[in-house]
Amino acid sequence: MSKITTELLLERAVPRSTRLRKIETLNLSKLQLKTGDLDPRLFSRLRHLQKLDLSDNLLDKFPSSLTLPDLRVLNCNNNKLEDVTALKQFPLLEELTYENNVYLTLNDDYKVMFLLQNLRLLNGKDITKLANHVRRVNSRKLTSKVTAHWEKFFHDQLPEKHTAEQVKSIKKKFLKSVQTNVVYGPSSLSEFTRWRVKMIAEEFLACSLGLESNSDTEPEEKTEENEEESTESPREAAEDVAQLLSVHIYDPLVTVTPSKRKRNHSKSSPGNKRSKTQANTEEETAEDVSAEPLHFLQCHSKGNSREDFKTQLWSCVFEPVLDSGARKDPIVSSSRTVATCGGESVCLIDCETGTVLKKYKVATEEFFSIAWTTLTMVISDSRKKAHNILAAAGRRGIVKLIHVAADFCYGEIKAHKKPIATVCFSPTQETHLFTASYDKRIALWDIGIPDCDYNFKASQLLVLETASIPLRIALVPTCPEQYLLAGCEGGCFAWNIQLDKGQKSRPFEAIFQFPGEESMTTSHRVDGLAFLNDDVVVSKSSKPGCIYLWSWSKSFDAKGKGCQRTMSAVILAELEWSTTDMSYLTLSTCPAKEYVFCGDEKGSVWMYSLSSYTTAWGSPKGKRSERRISPTQILQWPELQVNGEQPAEILVNNVVADPAFTYLVVLTSVNITAIWKKS
């Protein structure tokens, strides 16, 4: 369409006007406007414009000189905006909305809060208190850190008598160093922090060295987008979805009275009897692995009810750190943002602050499993950018695909007719997703890469037939495109998943035998399965009080021919665990730190540090540990008061550490997410 004209502006004024300078309210929505259509010379005549609606257009940015000195309310919903810094030209702006601009993130919210000193409402929410914190506390902290960085590393590098070239050189080095090394706040705000640090550093240099500050620099290309917002209600504040619980720490283990529960267990199990060896081990090593409870959140409640202590929480996965070109973001060594699922919702949580960053709901769903992948997508002008995508699945057998930075569930895959127990992405093929279902099938899907309009095409590549319901799946680290392991209701199985074999539907290739009560057996439930390193498998079976560690390479005969072969698992060690026979309390590993974690039926987390054993297990003889390995430490559930009472029967369904083992996230049967931090 043609560019905006004087006649169009007069016609779209509310009410219609005869002179541009008299217009106070202007509606330019749904006109397919692009940035070039906003003529600064024409807009400069709107001297008294207070309300402007530019929603439902095609704007990717704002011209830097629209000159609207009296603008108070601006609506930019449903555009293609990529940057908000040009909004600083409207200093009197009080209300701003820009929802459904898929490239804007939480970092942009913080930028406008800093730039617009009079802003009260952002996307319909009162941000007065948060904005004051951003402008004052955040700025004060960052200024202190920037100054300290200069004094410590650069102050002595500049001679008293310096040339312009020396000043230019040290300025360049300082700006690069300070943006890399000054860290503050959650990783989801790392881009905003870099932006502010650069601004503060330039102001500091201008003041200290007389260097001119460049406050109008072009925004840097975003390299990290861990920002998570609710796909149903973007920018949902933590207080809207999470109830922080009062916590009192005390020494003895909480006494829990068992009650009936919908799990497959035959009888009430005795309490955990901690052996002398166990206690001694904890005393000797507690200093090395001590962790403290940080947050207890009730953020998966049905209908956001504070009385919901029945929703089961099942899966949690830390968000991967995005690459910046060919390198990792140097500021964030490990993500502290975790996705959790249970009941009708998926939440994204900042582990350090306990803030629920985003919440995604499907009223008719019960989510059982989630998994992350990073897709390189074409965004605009044929530019490519990496984005984290979250897959969530559960009782309905449908996989939801969520672009978390864009607050958008862009698609779904009707994967199975029965519930999906677990999902995982291939570490080598970012679009390959495995779904394991109660229909006794494991399917491999190519979810495709969505285009700029979020059109995508998913296709089924493979179906693995199982003899019983698959509960946990794991790709073999040394050959993730060739073999998959699954812990099922009826045992532990392996499949060849090579796509060049031609056969789309395949039976299992091997079933593993484990020690039973009297002899080796294949018939047992495997409800915990993970790799500790490239070779050591950790699995938990229905045999009470025991977790097995076994060698994949020594157990699986890759040269053998035929399907459905029985192979004996070469046991390397047994981990001492709770004597309960309650199922589905799953385990996890932290390969980088060589740790195994598993929760129990009393709210405790059993932690095993195995670095002193793995060298011996990896030798050609692979010597087995003779005695059961006791836990390095047991994190006991603290005394937790909810409405003056303590929740009964707290089962730990899942426990996961971030790759660097800084945080430990514990999911329970009573709708409580517990976050521990390693001391």
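Buried here means under 20% relative accessible area, with a 1.4 Å probe and protein chains only. Helices are DSSP runs of H or I with at least four residues, strands are runs of E with at least two, and both are numbered from the N terminus.

A note on the source: this is a predicted model, where local features need pLDDT of at least 70, side-chain atom pairs count only at pLDDT 80 or more, and totals for chains, interfaces and linings use all residues. Residues are numbered from 1 along each chain as its sequence is written, and side-chain values use heavy atoms, leaving out hydrogens and water.

I listed the buried residues of H3, and among them are Leu106, Tyr110, Val112 and Phe114, along with Asp108 and Lys111.

Of its 51 residues, Leu28, Leu52, Leu74 and Leu96 touch the most other members. Helices H1, H2, H3, H4 and H6 each give two or more residues to this core, and H3 gives the most, with six.

I then followed Leu96: leaving aside residues up to four places away in sequence, Leu96 touches partners including Leu74, Val112 and Asn123. Contact means heavy atoms within 4.5 Å. Apart from this core lies another, of 23 residues, with Ala371 and Ile413 among them.

Last, I checked the whole protein: 10 helices and 41 strands, with buried residues making up 56% of the 679.

Terms used:
A nonpolar core is a set of buried Ala, Val, Leu, Ile, Met, Phe, Trp, Tyr and Cys residues joined through side-chain atoms within 4.5 Å. Buried means under 20% relative accessible area, exposed over 50%, partly exposed in between (1.4 Å probe, protein chains only).
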